[in-house]
Amino acid sequence: MRNAPKKIAILGSTGSIGRSTLDVVARHRDRLQVVGLAAGSGGARLTEQILRFRPAVVSVKDERAARDLAARLDGRARPRIGVGTAGATEVAVASGADLVVSAIVGAAGLLPTLAALSAGITVALANKESLVVAGELMVRAAREAGAQLLPVDSEHNAIHQCLRAGRREEVDRIILTGSGGPFRGMDRSALERVSVEEALRHPTWSMGPKITVDSATLMNKGLEVIEASFLFGIPAERIDVVIHPQSVVHSMVRFRDGSVVAQLGAADMRHPIQYALSWPERWESAVAPLDILEVGALTFEPPDHERFPCLGLAREALRRGGTAPARLNAANEVAVAAFLAGQIRFVDIPAVIEEVLAEEDGSPADSVEDVLAADREARRRARAVIGSERIRR
Ligand code: NAD
Ligand code: MG
């Protein structure tokens with residue numbers, strides 16, 4: 001006989017990861033039950049999700065969205081509706097969830113995710129920004145409360161799988177793979193002219209707009225180096241990045257005997273999401289299994305740091321430690337939003353971040369208040385840099 005279904009809450013349910021998560025749940029309704037959903041707006045998508053999955057607790061970003069949601073539901077379902085960070089935190093810790101899928105985009109996901117870990121609840125983490133902003137605090141909270149932190153990000157999920165092949169002290173290096181994004185191989189003058197539309201056309205993955213731009217600048221890989229360092233307790237010097245345009249090898253671990261263990265699969269996030277939801281078991285999946293003969297050749301090349309400075313900036317922030325990664329992340333969020341709004345060029349994104357990082361005072365990140373203050377200050381600085389004449393329109 002099977003156990004009672006695992007109760008899950010999804011933060012960011014209407015996004016790319018959130019919808020893929022619900023797709024996995026829909027195929028395993030005997031094993032998974034949705035008890036909470038949090039999203040930004042209370043539009044048609046969230047309404048539909050609530051009617052289909054019947055969570056007891058939901059949350060949206062503000063009062064207006066909450067009124068909109070209640071009107072759309074029109075009595076057909078009556079979940080408790082919260083708002084803002086407090087509402088999302090309630091979905092995480094007061095919905096009775098055994099597992100929280102953290103898939104809000106950006107630093108906005110930090111507090112509810114941290115609250116889940118502090119309450120000892122397993123977190124399936126897609127929201128890498130929270131770990132970049134407050135890596136030590138999150139890892140400490142998980143350790144103290146005995147909470148599992150399972151990576152959903154495909155690379156880290158792959159590493160989690162590869163690590164099952166050996167002991168921690170036997171690990172020599174982590175090798176993160178990345179597709180290189182849509183502008184791989186493009187020269188500097190062409191990069192100066194790329195459009196928002198081109199940046200949003202990812203060659204291998206279909207994802208939300210912010211991470212798609214991060215993939216094009218290689219900041220996504222930079223954030224992932226920081227994420228890997230905190231998740232697996234491995235210093236940046238032992239984390240390599242290689243460009244692998246086919247996105248078939250999702251990452252690798254090299255052990256001290258020289259053996260490299262890799263995880264391969266389709267470029268479909270339902271795979272790592274389901275691994276995190278089913279762990280420590282593996283379930284049958286809706287994702288078509290990888291056909292290695294169809295894949296044919298796999299290629300690997302080093303990243304180009306000169307044309308894509310974001311990866312180096314992220315490593316530098318990690319090296320400095322303290323609130324530097326939080327400042328890097330905040331500046332990146334502001335710069336990416338400005339690029340998407342047509343206010344700055346693609347090549348201005350690293351320029352804005354570099355200026356904000358240059359003012360880093362090296363302050364410690366001992367508390368949530370420390371990192372939130374650094375986040376606010378870096379956003380203010382980034383907006384000032386974007387408004388200045390140094391960034392040409
Ligand atoms: P997305 O933009 O598609 O979705 C974001 C979700 O967060 C939406 O449901 C949105 O309503 C919600 N949201 C945004 N601001 C909010 C707020 N203030 N309060 C409550 N909800 C809010 O983004 P995505 O591509 O699904 O990415 C989500 C996270 O997962 C990001 O951190 C990203 O880096 C990470 N991730 C995504 C992928 C992917 O394939 N999409 C892969 C790896 C990691
Ligand atoms: Mg990734």
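## Helix H5

Buried here means under 20% relative accessible area, exposed over 50% and partly exposed in between, with a 1.4 Å probe and protein chains only as cover. Helices (H or I, at least four residues) and strands (E, at least two) are DSSP runs, numbered from the N terminus. In this predicted model, local features need pLDDT of at least 70 and side-chain atom pairs count only at pLDDT 80 or more, while totals for chains, interfaces and linings use all residues. Residues are numbered from 1 along each chain as its sequence is written, chains are lettered from A and ligands numbered from 1 in the order in which they are written, and side-chain values use heavy atoms, with hydrogens and water left out.

Helix H5 covers residues 110-118, and its buried residues are Leu-110, Pro-112, Thr-113, Leu-114, Ala-116 and Leu-117.

## Ligand 1

Ligand 1 is surrounded by 21 residues (a residue is near if one of its heavy atoms lies within 4 Å). The closest are Thr-14, Ser-16, Gly-40, Glu-129 and Gly-208. By class, this shell holds ten nonpolar, eight polar and three charged residues. In this scheme Ala, Val, Leu, Ile, Met, Phe, Trp, Tyr, Cys and Pro are nonpolar, Asp, Glu, Lys and Arg are charged, and the others, Gly among them, are polar.

For Ser-16, a backbone N or O atom lies 2.9 Å from an oxygen atom of ligand 1. A polar backbone atom of Ile-17 is 2.9 Å from a ligand oxygen, and for Gly-208 the distance is 2.8 Å. Ligand 1 taken alone exposes 830 Å², of which the protein buries 84% (Shrake-Rupley areas, 1.4 Å probe). Helix H1 (16-27) and H6 are the elements that give two or more residues to the shell.

Ser-20 also lies in helix H1. Ser-20 is buried, at a relative accessible area of 18%.

## Pocket and cavities

Both kinds of space are found on a 1 Å grid over the protein atoms alone: a cavity is a set of points where a 1.4 Å probe fits but cannot get out, and a pocket is an open set with protein on both sides within 12 Å along at least five of seven lines. Lining residues have an atom within 4 Å of a point. Grid points are joined across faces, edges and corners, and a volume is the space filled by probe spheres set on the points.

The second largest pocket holds about 280 Å³ of space. Its lining has 16 residues, with Gln-148, Leu-149, His-160, Arg-168 and Leu-231 nearest the centre. Helix H6 (128-145), strand E7 (149-151) and helix H11 (219-232) each give two or more residues to that lining. There are three cavities of 30 Å³ or more. About 80 Å³ lies in the largest cavity, whose lining includes Arg-188, Glu-306, Arg-307 and Phe-308.

## Backbone features in loops

A cis peptide bond joins Trp-279 and Pro-280, with omega about 5°. Pro-280 sits in the loop between helix H12 (270-278) and helix H13 (292-295).

Leu-218 is not a glycine, yet has a positive phi of about 75°. Leu-218 lies in the loop between helix H10 (209-217) and H11 and is buried at 6% relative accessibility.

How values were computed:
Polar contact = N/O pair within 3.5 Å; in protein donor to acceptor, adjacent residues only side chain to side chain.
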